[in-house]
Amino acid sequence: MQYFDKNRPMQTLLPSMQGVLRSPKDFFSQLPPAAFHANAIFLATIIILAASFIGVPFHSFSMLFMVPVSYGLGLIGLKAWSSYIGWATRSFGKAKLSNANAFNISAYASVPLVFSAVPILGLISCLWSLYLMWVALVSRCHVKSSTAAIIIVIPAILFAISATELVSFIFQLFPKLGQH
């Protein structure tokens, strides 16, 4: 398996993305331990920026001006998600998962999110990313599949409910947003 290396990004990016998408179980089970966040941050940066640029034709050119915001929020969200995954895996899965390894796994599991800004593919890529996270917890951390599913699904459902409530609240505050 080829894994992403920040010192050789052009040679390792596509093979590592291909590996995680084609055979995720083998990819995550052979994933070397991470001592630092550098490779995962670089990979996450590429994913976030690619998603921003891919989304421009589907939304508007002004989306390019949101790149710094989406980059910052994307990294903060990935760090928060990986911190939760590390804590939940240690607490409920009874597995050892360092913060650096949790961030590494989360970065690789977010590879499908490159298409998150495309209208229909966005939802599919989010679900695919959650599936990859489940595969990583089961194959890399040796967490039971039901425990891994609970670790991943509960915050995903809470996020979906919160986002839905936030959008409905915004439309109630600004009713003209919902009109064409």
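1. The model is a predicted one, in which local features need pLDDT of at least 70 and side-chain atom pairs count only at pLDDT 80 or more, while totals for chains, interfaces and linings use all residues. Residues are numbered from 1 along each chain as its sequence is written, and side-chain values use heavy atoms, with hydrogens and water left out. Helices here are DSSP runs (H or I, at least four residues; strands are E, at least two), numbered from the N terminus.

2. In H4 the buried residues are Val-67, Leu-75, Leu-78, Ser-82, Ile-85, Gly-86, Ala-88 and Thr-89, where buried means under 20% relative accessible area, exposed over 50%, and partly exposed in between (1.4 Å probe, protein chains only). The length of H4 can be checked as well: its 25 residues should span 36 Å at 1.5 Å a residue, and its end C-alpha atoms are 35 Å apart, which agrees. The expected span of a helix is taken as 1.5 Å times one less than its number of residues.

3. Two packed helices are described by the angle between their axes and the distance between the axes. For H3 (residues 38–54) and H4, the angle is about 135 degrees and the axes lie 10 Å apart; axes are lines fitted to C-alpha atoms, for helices over the stretch in contact, and angles run from 0 to 180 degrees between N-to-C directions. H3 and H4 are therefore oblique to each other, given that angles under 35 degrees count as roughly parallel, over 145 as roughly antiparallel, 65 to 115 as roughly perpendicular and the rest as oblique. Their crossing is right-handed, a term used if the near helix is turned clockwise from the far one by less than a right angle, with left-handed used if anticlockwise.

4. On the H3 side of this packing stand Ala-44, Thr-45, Ile-48, Leu-49 and Ser-52, which meet Val-67, Ser-70, Tyr-71, Gly-74, Leu-75 and Leu-78 of H4. By class, the contact of H3 with H4 has 7 nonpolar, 4 polar and no charged residues; Ala, Val, Leu, Ile, Met, Phe, Trp, Tyr, Cys and Pro count as nonpolar, Asp, Glu, Lys and Arg as charged, and the others, Gly among them, as polar. Ser-52, found in helix H3, counts as buried at 5% relative accessibility. Leaving aside its neighbours within four places in sequence, Ser-52 is in contact (heavy atoms within 4.5 Å) with Met-63, Val-67 and Ser-70.

5. H4 also packs with helix H5 (residues 99–109), at an angle of about 120 degrees and with the axes 8 Å apart. That angle makes H4 oblique to H5, and H4 passes H5 in a right-handed crossing. The contact is made by Leu-78, Lys-79, Trp-81, Ser-82, Gly-86 and Arg-90 of H4 together with Asn-99, Ala-102, Phe-103, Ser-106 and Ala-107 of H5. Sorted by class, the contact of H4 with H5 has 5 nonpolar, 4 polar and 2 charged residues.

6. Ala-107, which is found in helix H5, counts as buried at 0% relative accessibility. Apart from neighbours within four places in sequence, Ala-107 is in contact with Ala-40, Leu-43, Ile-47 and Leu-78.

7. Helix H7 (residues 145–173) includes Thr-147, and H7 has 29 residues and reaches 42 Å from its first C-alpha to its last, close to the 42 Å expected at 1.5 Å a residue. The buried residues of H7 are Thr-147, Ala-148, Ile-151, Ile-152 and Pro-155, and what covers them includes helix H4 (67–91) and helix H6 (119–139). Thr-147 itself counts as buried at 17% relative accessibility, and, leaving aside its neighbours within four places in sequence, Thr-147 is in contact with Phe-92 and Gly-93.

8. Most residues other than glycine have a negative phi. Lys-94, however, has a positive phi of about 55 degrees although it is not a glycine; Lys-94 lies in the loop between H4 and H5 and is exposed, with a relative accessible area of 69%. His-142, in the loop between H6 and H7, likewise has a positive phi, near 60 degrees, and is exposed, with a relative accessible area of 65%.
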